[in-house]
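Biologist: Please take one part of this model and look at it closely. Walk me through it step by step, in plain words.

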Amino acid sequence: MEKIFVFNNSPYNTCEDMLDECYDEVKTPKKATKVPESKTNNNIFTPLGASNHSNKKREEHDYYATDPKALELLLELESFSNYVWECACGGGHLSEVLKKHGHDVKSTDIIDRGYEGTELMDFLTVTKEDIANEHSRDIITNPPYKYGKEFVEHALNISPEGTKIAMFLKVQFLEGKARKALFNKYPPKTIYVSSSRLLCAKNGVFKEDESSAIAYAWYIWEKGYAGDTIIKWFN
Ligand SMILES: C[S@@+](CC[C@H](N)C(=O)[O-])C[C@H]1O[C@@H](n2cnc3c(N)ncnc32)[C@H](O)[C@@H]1O
């Protein structure tokens with residue numbers, strides 16, 4: 001029988017996922033800051049301001065912006081196609097890094113968070129046919145953690161052979177029975193672990209004095225790869 005754990009009205013497949021979210025709630029108390037809609041990663045640190053918890057929808061869709069440094073470091077180690085899809089782009093923190101490195105970036109999200117050029121799209125409903133007439137693109141994102149497994153599977157299912165898929169996920173994503181099945185079916189080619197704790201900022205608000213207690217890694221799949229997974233460190 002499948003168990004569902006519930007916290008803040010959100011369902012979780014595992015107790016660990018639910019505890020993660022509880023922990024994040026404690027770590028980032030409900031005094032968060034309203035993010036200026038036009039915010040890009042030019043200056044990622046935002047001063048504290050008014051509460052944004054009236055905007056429930058944001059939290060429901062799991063918005064934690066990635067420290068752009070995480071992608072800068074990955075790009076020193078991995079090369080990607082010129083055409084990249086940031087399929088859960090949020091405030092564009094990763095898209096901006098990719099653009100800076102000369103990539104042609106398609107930025108989509110289920111919610112418009114004010115990032116210029118965002119196409120509204122539920123990634124999990126996109127079909128192969130929907131993208132058949134477009135450039136094939138590598139996929140790079142930090143997906144909503146609650147649907148991390150679904151994002152990985154879906155990205156692999158709709159992409160042509162050879163597509164690279166890079167997902168920024170917790171190191172903890174390695175554990176769990178369902179995810180073990182995913183790793184058996186689709187072994188990542190490389191996992192780059194962060195040896196220091198990088199920040200993912202709730203609602204896109206990076207606070208200068210905040211530190212992170214969560215360990216992250218970049219998981220890299222190459223569609224069709226069936227060998228062993230190599231683990232490296234990216235910082
Ligand atoms: C963890 S945040 C990461 C944002 C951005 N990728 C980054 O790294 O800064 C996850 C994002 O996924 C979006 N999202 C949630 N469900 C989605 C879906 N089904 N399709 C597309 N985007 C989704 C959320 O709106 C949120 O912006």
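This is a predicted model: local features need pLDDT of at least 70, side-chain atom pairs count only at pLDDT 80 or more; totals for chains, interfaces and linings use all residues.

Modeller: Helix α3 itself covers residues 68–75, and its buried residues are Pro 68, Ala 70, Leu 71 and Leu 74. Seen down the axis of α3, these buried residues fall within an arc of 155 degrees, so they line one face of the helix. An α-helix has 3.6 residues a turn, so residues three or four places apart point the same way.

Helix α4 is mostly covered, with 6 of its 8 residues buried. Those buried residues are His 93, Leu 94, Ser 95, Glu 96, Val 97 and Leu 98. They pack against β3 and α3, and also against β4 (83–86), β5 (104–109) and β7 (138–141). Just after α4 comes Gly 102, which takes a positive phi of about 90 degrees.

Next, the ligand. Both β3 (64–66) and α4 (93–100) supply at least two residues each to the shell around the ligand. Strand β3 gives the most, with 3 residues. In total, 22 residues surround the ligand. The closest are Thr 66, Ala 88, Gly 90, Phe 123 and Asn 142. By type, the shell divides into 12 nonpolar, 6 polar and 4 charged residues.

How values were computed: Residues are numbered from 1 along each chain as its sequence is written. A residue is near a molecule or strand if its C-beta atom, placed from the backbone, lies within 6 Å of it. Helices (H or I, at least four residues) and strands (E, at least two) are DSSP runs, numbered from the N terminus. Ala, Val, Leu, Ile, Met, Phe, Trp, Tyr, Cys and Pro count as nonpolar, Asp, Glu, Lys and Arg as charged, and the others, Gly among them, as polar. A residue is buried if 20 or more other C-beta atoms lie within 10 Å of its own, exposed if 12 or fewer, and partly exposed in between; C-beta atoms are placed from the backbone. The arc is that of the directions from the helix axis to the C-beta atoms. Two residues are in contact if their C-beta atoms, placed from the backbone, lie within 7 Å.
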